[in-house]
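Biologist: Could you take me through how the strands and helices are arranged here?

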Amino acid sequence: MNTTADSLIEYPSDFPIKVMGATHDDFAATIIEVVLEHDPTFHAGRMEMRPSANGNYIGLTVTVRAVSRAQLDDLYRALSGHPMVKIVL
C-alpha cells in the first residue's frame, strides 16, 4: 500500500533541500561535496546561500536531481549527520 508520503514526489525531479549551519568559510564547499556523493549532476549554480541576520549562520538551498526516495533518504542522512550541519529541511 502506498502512503501519501510515497506519492508526493515524482521521480526524477528537481528537489530543493535547505541546509543550515554555523558560518564557516568551508561550509558551502563541504555541503557541495556531500551532495555530489548522492547527485553527481549537482553543481554550485544550483545552490542559493543566505546568511542569517546576525551573520552567525548560513542557510543553503541546494536543488538536487532526485531520482529515488532512497537517494533522498541517504542524502538527508548524510547531511543531518555532518558535524557542520545544524538543520536539514
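The questions below go from the sheet to the helices.

Modeller: This is a predicted model, in which local features need pLDDT of at least 70 and side-chain atom pairs count only at pLDDT 80 or more, while totals for chains, interfaces and linings use all residues. Residues are numbered from 1 along each chain as its sequence is written, and side-chain values use heavy atoms, with hydrogens and water left out.

Biologist: In what order do the 4 strands of the open sheet lie?

Modeller: Strands (E, at least two residues) and helices (H or I, at least four) are DSSP runs numbered from the N terminus, and two strands pair if DSSP finds at least two bridges between them. The edge strands, each pairing on one side only, are β2 (47-51) and β4 (85-88). With antiparallel pairing, the order is β2-β3-β1-β4.

Biologist: Which residue in β3 stands opposite Arg 50?

Modeller: Strand β2 runs antiparallel to β3 (residues 57-66), and 5 bridges join them. Opposite Arg 50 stands Gly 59.

Biologist: How are the directions of α1 and α2 related, roughly parallel or roughly antiparallel?

Modeller: Axes are lines fitted to C-alpha atoms, for helices over the stretch in contact (heavy atoms within 4.5 Å), and angles run from 0 to 180 degrees between N-to-C directions. The axes of α1 and α2 come within 9 Å and cross at roughly 155°. Angles under 35 degrees count as roughly parallel, over 145 as roughly antiparallel, 65 to 115 as roughly perpendicular and the rest as oblique. The crossing therefore makes α1, relative to α2, roughly antiparallel.
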